[in-house]
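User: I would like to learn how to read the features of a protein model. Could you take me through one, step by step?

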Amino acid sequence: MDGTILVTGGTGILGRQVIADLRRAGREVRNLARSAGGPYQGDLVTGEGVAAAADGVGTVVHLASKPPGKTDVQAARNLLKALAPGTHVVYISIVGVDRHPYSYYQVKHAVEQLVEASGLPYTILRTTQFHDFMASLCRTMTKSPIVPVPLGWAAQPIAISEVSAQLATLAMGAPAGRVADMGGPQVLSFREMVELYMAAEGKRKPIVELLVPGRVSKAFRAGYQLTPERAVGRITFQEFLRGGVPASSYFHKA
């Protein structure tokens, strides 16, 4: 099987980093994209162009996703159908998706199950939320004069660069099934993250913690999205904020 690696969602912030990491390691990489300027045009949702992009590749790093994930399952089906037997599938998922009722997490779990049932060799990496995503969420919450935050919710933000390095390593290695979860170095309450964000931005606003009803909120309070025993990331949220908060696109449409 050819050593070429195909990346889906390669125009997103994580995808760009993964492609750069793989190319620095000397690997030939294809980026499956819908944009007219891409050398490997394709649409995972319709399946158009996917087989041509996947022809001859030995590994696929499947990153393409778009919350709330309405097309993610169909996109994964089309991708898996286009792959030759023996192709190594590397999939990025989220910690706790097998227990959490949040709809997007349930979609990620459904794609995991498709990958596992495909008959193809695979590696699945679950991570916690990216620093960039949490900073964007903090930016949104701090727009109002009084900052509302959900009571009891927490996150374990991790650097995209660290996740990308791990994905590149996994893509260049042998299929490993579901590997150990990857979490950021700290578990922070939403209040703590907002406070760190406002300090970095030089803002001072009152914070009000609100008890959000419902089973999704209950799951977030229970911490299903956390993996404190796998706090392997090194870059803290505060260190990330000191480096500036980019306005980035975290996901790429399938």
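User: Thanks, I have it open. Which residue forms a salt bridge with Asp 98?

Analyst: Two notes before the case. This is a predicted model, where local features need pLDDT of at least 70 and side-chain atom pairs count only at pLDDT 80 or more, while totals for chains, interfaces and linings use all residues. Residues are numbered from 1 along each chain as its sequence is written, and side-chain values use heavy atoms, with hydrogens and water left out. Now the idea: side chains of opposite charge can pair when their charged atoms come close. A salt bridge here is a side-chain nitrogen of Lys or Arg within 4 Å of a carboxyl oxygen of Asp or Glu. Asp 98 pairs with Arg 126, and their closest N and O atoms are 3.1 Å apart. The pair links distant parts of the chain, 28 residues apart: Arg 126 is in strand β6 (residues 122–127) and Asp 98 in the loop between β5 (88–94) and α4. Helices (H or I, at least four residues) and strands (E, at least two) are DSSP runs, numbered from the N terminus.

User: Is Arg 126 buried or exposed?

Analyst: Start with the scale: buried means under 20% relative accessible area, exposed over 50%, and partly exposed in between (1.4 Å probe, protein chains only). Arg 126 has a relative accessible area of 4%, so this residue is buried. Asp 98, with 43%, is partly exposed.

User: With which other residue does the side chain of Arg 126 meet in a salt bridge?

Analyst: That is Glu 112, at 2.8 Å from N to O. Glu 112 lies in helix α4 and Arg 126 in strand β6, so this pair ties together parts that are 14 residues apart in sequence. Glu 112 is buried, as is Arg 126.

User: Let's turn to helices. At what angle do the axes of α3 and α4 cross?

Analyst: Axes are lines fitted to C-alpha atoms, for helices over the stretch in contact, and angles run from 0 to 180 degrees between N-to-C directions. Helix α3 (residues 72–82) and helix α4 (residues 103–117) cross at roughly 15°, and their axes come within 9 Å. Angles under 35 degrees count as roughly parallel, over 145 as roughly antiparallel, 65 to 115 as roughly perpendicular and the rest as oblique. That is why α3 and α4 are called roughly parallel to each other.

User: And how do α1 and α6 pack?

Analyst: Helix α1 (residues 13–24) and helix α6 (residues 160–172) pack at about 50°, with their axes 9 Å apart. These two helices are therefore oblique to each other.

User: One backbone question: which peptide bond is cis?

Analyst: Look at the bond from Pro 67 to Pro 68, which is cis with omega near 10°. Pro 68 sits in the loop between β4 (59–62) and α3.

User: Finally, how far apart are Arg 139 and Val 194 in space?

Analyst: Their C-alpha atoms are 8.4 Å apart, although 55 residues separate them in sequence. Arg 139 belongs to helix α5 (residues 131–141) and is partly exposed, at 23% relative accessible area.
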